[in-house]
Amino acid sequence: MTQDQIMKLISSMTLEEKAAQMTQLAPVNFGFNCVTPLTGPDSGLRIRPEFSASIGSVLNCGSAEDMIRIQKEHLENDPHKIPLLFMADVVHGFKTVFPIPLAVGCSFSPENAREAAQIAAEESSVSGIHVTFAPMADLVRDPRWGRVMESFGEDPLLNSRMCAAAVKGYQGSKLSSPYRTASCVKHFAAYGSPEGGREYNTVDLSDNELYNSYLPAYTAALEAGARMVMTAFNTVDLIPATASEKLINDILRKERHFNGPVISDYNSVGELIEHGAAENGYEAACKSLKAGVDIEMMSSHFCAHLRELVNNGQITEQMIDKAVLRILNLKNELGLFENPFKDASREAEASIHLSEKNREAARRIARESAVLLKNNGVLPVSFSGAPEKIGLTGPFASSPYILGGWSAGNQTGIPLYEGLCGRIPRECIRLEDCGQIGSCLEGNPDIPAPDASFYARFKDCGTVIVAAGEHQEDTGEGGSKAFLRLSPNQEKLIQQMSHSGKRVILILFSGRPLEIAPIEPYCDAILQAWFPGTESGNALAELITGAYNPSGRLSISFPYTVGQIPVYYNHYQTGRPKRQESTDTRYVSRYLDCPNEPLYCFGYGLSYSEFHYSNLQIRNSSHSLTASVTVTNVSDITGCETVQFYIRDLSASLVRPAAELKDFSKVHLTGGESKTVSFTITKEMLSFYKDGRKIFEDGYFLIMIGKNSAVTLKQKLYITEQQFKKETL
Ligand code: GLC
């Protein structure tokens, strides 16, 4: 349709029809007998009949059959024949499930995020989905929060690059092309910083912290072309994001020139009342409309109050027409007016869902996303086929429930045991079941206590793999936890296994960093698997047997203890930083009973190779500034190293973080091979936001290159704006 045709269509709609177009409901809420996954409180909402024929979009319908049926019936009833927009949470895969985003962040490969998104778009588009509520761009620093699993981690740059890549993967170059879905980036803004890590809790940040740490990833997603934005549940500066004119109209629309639809989160318009930001539904509708929300998800205050708001002059019909135009333009760009069913096809579902090509991609990304945290040489496992066997136990030894949050209900993945049997002769594995882990939600988050005789079953095993972790239902939305240790009986299992003289390999399944310091001493190796998705067991078996050399690096810090949280690498220095060499033992920024440093820092990860860094060089030529380092694989095993480039601005008008990741590069090195890795230092890298404006200030900077955020080669350099005279910000 042309813009004129769309404008003409809008002018022919009543206010009630416009209000309905600006409403998104699950099918059952507007008269369709189609049960879809519930992703929020079930309010039993049933829209009034005068609106149901004109509803604009559908939440979480996930099959071609249902979508075709609903779209057909809707178009028969809608007087204007405006096609429904189908949206769903396709966050890390649809039928082929990829590792959780926090894990994909550990691959430090934006290409992985792009490819996973592209495959998710293919698989979900043939099931009738037009828009996905992803990527989640929220920066996260608190593993007590259940949704850290959905983020790409604690660093603004890594988040930005992964989110931008995901948007490209979902959308491709043309939305109306086959197998493309629009990306709705979420949750705007700063949902990842709730006080106490408690779900939906208050977020209170300075503007400078918001701009420098939390906004970059949303901005990157928008610059990559994300077509929609979802508001967050939380408050920012004591105003719920869904009613924040500053966040939506000012920062999003005016400063970042975003002109696509803004959708509320699930009933977050209605929840303005609970927040104490609106007296009733009328005021909630008024405030969110004025803030710039175009689509109300899973509540109906726009339908209930729009006519009155316009009659009272609180909201103008021009504002409403602009909102409806943004929605119809997105439908038009997806080609829905010409083909309301787009890619929906049961035949295509059968051929595309879980195809071997998609599974292979999931396996590859899963093995690149796991992080080797400890290895006393016990990995990769080697077995001579002699009588000795390899023990395998723990609640995740043969569990298929390793997909993580935001994966459709009854789907499962390849269990670890099945994967290992594909790499190790079955007779060489001694699998002993120890019972399943319960969920906190069920009130029993533990495995049964293993009895003394249990350990005797491993008498012919020198090495035992313990697959432990947390129940996947205890992560994701609504999954905040105040305690992050492994359950008591899992800790006992690991300790007793070690005390019984076994070499213990811990494989950790979790949606967040767990507090593993208490059991770390009993483990000879620790592999953080996260929730690896459909191909979990096959990918882990490749890592455990050495068919693939681990290359993951942490996208989020592992706290020494929950008492340290928030603990993250890009913290501020304070006026009394605790230094290794400081003699003052009291008046420094420290804990009396715990180190400041996390157990494992951002960017950390081991491999079966060993990499040395040397020869940090900074070249200051007339037209560019570059930093380079020599990386040598001093082992005889080919491996992949993620070379990380950090800076520290040593003195500025705002204090700047102790370190900031500004680039990274993955290099493959054969045994004994060396490579020089170079990074161009740009003005953009050294600039920061102050009072909403990006600025550069001359001064001393630390240039740091290394294997993680704590181990780098450093050089101090005075850099002036003159240095970048040809660059513009
Ligand atoms: C949920 C989540 C959001 C999701 C939406 C629709 O409450 O906060 O991420 O996209 O509802 O399912």
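## Domain interface

Domain 1 and domain 2 bury about 1900 Å² between them, 57% of it on carbon and sulfur atoms. Buried area here is the accessible area (1.4 Å probe) that two parts lose on being put together, summed over both. V97, P143 and R144 supply 25% of the area that domain 1 buries against domain 2, more than any other three residues.

The model is predicted: local features need pLDDT of at least 70, side-chain atom pairs count only at pLDDT 80 or more, and totals for chains, interfaces and linings use all residues. Residues are numbered from 1 along each chain as its sequence is written, and side-chain values use heavy atoms, without hydrogens or water.

## Domain layout

An automatic or database assignment sets the bounds. Domain 1 spans 21-34 + 49-349, domain 2 spans 371-551 and domain 3 spans 611-728. The C-alpha centres of domain 1 and domain 2 lie 36 Å apart. Their contact (heavy atoms within 4.5 Å) takes 27 residues from domain 1 and 24 residues from domain 2.

## Salt bridge

One salt bridge is counted between domain 1 and domain 2. The term requires a side-chain nitrogen of Lys or Arg within 4 Å of a carboxyl oxygen of Asp or Glu. E477 forms a salt bridge with R147, with the closest N and O atoms 3.4 Å apart.

## Nonpolar core

The largest nonpolar core has 199 residues; I507, W530 and I544 touch the most other members. Such a core joins buried (under 20% relative accessible area, 1.4 Å probe, protein chains only) Ala, Val, Leu, Ile, Met, Phe, Trp, Tyr and Cys residues through side-chain atoms within 4.5 Å.

How values were computed: Buried < 20%, exposed > 50% of the residue type's maximum accessible area, 1.4 Å probe, protein only.
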